[in-house]
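Welcome, and please open your viewer. We will go from one selection to the next and see what is there.

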Amino acid sequence: MKTFFDSIRKFKIASTLGLIVLVGIWSVPTVGLLITAFRSKDSAATTGWWDALVNPFGQDWTLDAFTTVLERDGMLQSLISTIVVAIPSTVLPILIAANAAFAFTFIEFKGREWIFGIVVGLMVIPLQAALVPVLRGMVWLKKNLGITIIGDYPGAWIVHATFALPLAIYILRNYMMTLPVALIEAARVDGATYYQIFWRLVMPMSIPALASFAIFQFMWVWNDYLIAFIFVGDERTVMTYRLLRLLGQYGDGWQNVAAGSFLSLIIPLIVFFSLQRYFVRGLTAGAVK
């Protein structure tokens, strides 16, 4: 009997069951979204999606909603626009922040800690408070220098990358502080330049932190509406803006919105599950000395 109870404690049944329940609760909206996307207009309008679980073989399953949103409603073009906005907006802050974090960690210069403190303090500035000054600056560039940034993808790239830099520098610097200093010093003794140390030693060893921030940044940019709408405009609509218009555009019903919403979930899910093995390791590095 004692062995039996010891086995129960070992497998932590209560914790496992609790996690299963939480996962189930969090999965309910996604399951409902997926089922609704495959239902016909009449079924989605007259009955709840849970009826399909009770009587799955009695439902009128169809792919019309996906065909409609991709071909007629422009969701495919919005998907491409969202990818064009999200990828550079993720890569740019990672490259810049990695260089800055390397300098804050391994290069001695006057005022290093003060500058790093200022950078970290910039995280408390809300994006909405800076929209007007940023817009005025971009309008000034267009009028006086002929540099058109607003109304195109570079406007969103710059804004997303700029506001992501403080957090990126903070995460990457904390991680780089856990890297073996002796290895960096040995490379310096062997004649390696800072550029070589950065690309050949520090960057490969910092992949967990880079992947962790990439997940955060990509998810934020992918689900963003405000910046893309203001700085890119409605000529190159992203998926969040397109989803807003789907329900009332033709009065087609919830199944089109569900199909478009599910399409918007696919790529973020792929990114998260591809990089999740680095996620916890990258976030917790540097938290405990």
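By about how much of a helical turn are Y153 and W157 separated in helix α9? Select residues 153-176, which make up helix α9: Y153 and W157 are four residues apart there, so about one helical turn separates them. Helices here are DSSP runs of H or I with at least four residues, numbered from the N terminus.

A word on what you see: this is a predicted model, in which local features need pLDDT of at least 70 and side-chain atom pairs count only at pLDDT 80 or more, while totals for chains, interfaces and linings use all residues. Residues are numbered from 1 along each chain as its sequence is written, and side-chain values use heavy atoms, leaving out hydrogens and water.

Now zoom out. The protein chain has 15 helices and zero strands (a strand being an E run of at least two residues). Of its 289 residues, 38% are buried, meaning under 20% relative accessible area with a 1.4 Å probe, protein chains only; exposed is over 50%, and partly exposed is in between.

Next, select F104 and F109. Rings of Phe, Tyr and Trp (its six-membered ring) pair if their centres lie within 6.5 Å; planes under 30 degrees apart count as stacked, over 60 as edge-to-face and the rest as tilted. That rule gives 14 aromatic pairs. The centres of F104 and F109 are 6.1 Å apart with planes at 45°, so this pair is tilted. F104 is buried at 6%, whereas F109 is partly exposed at 32%.

Finally, select F102, F106, Y194, Y195, F198 and W199: together they form one aromatic cluster.
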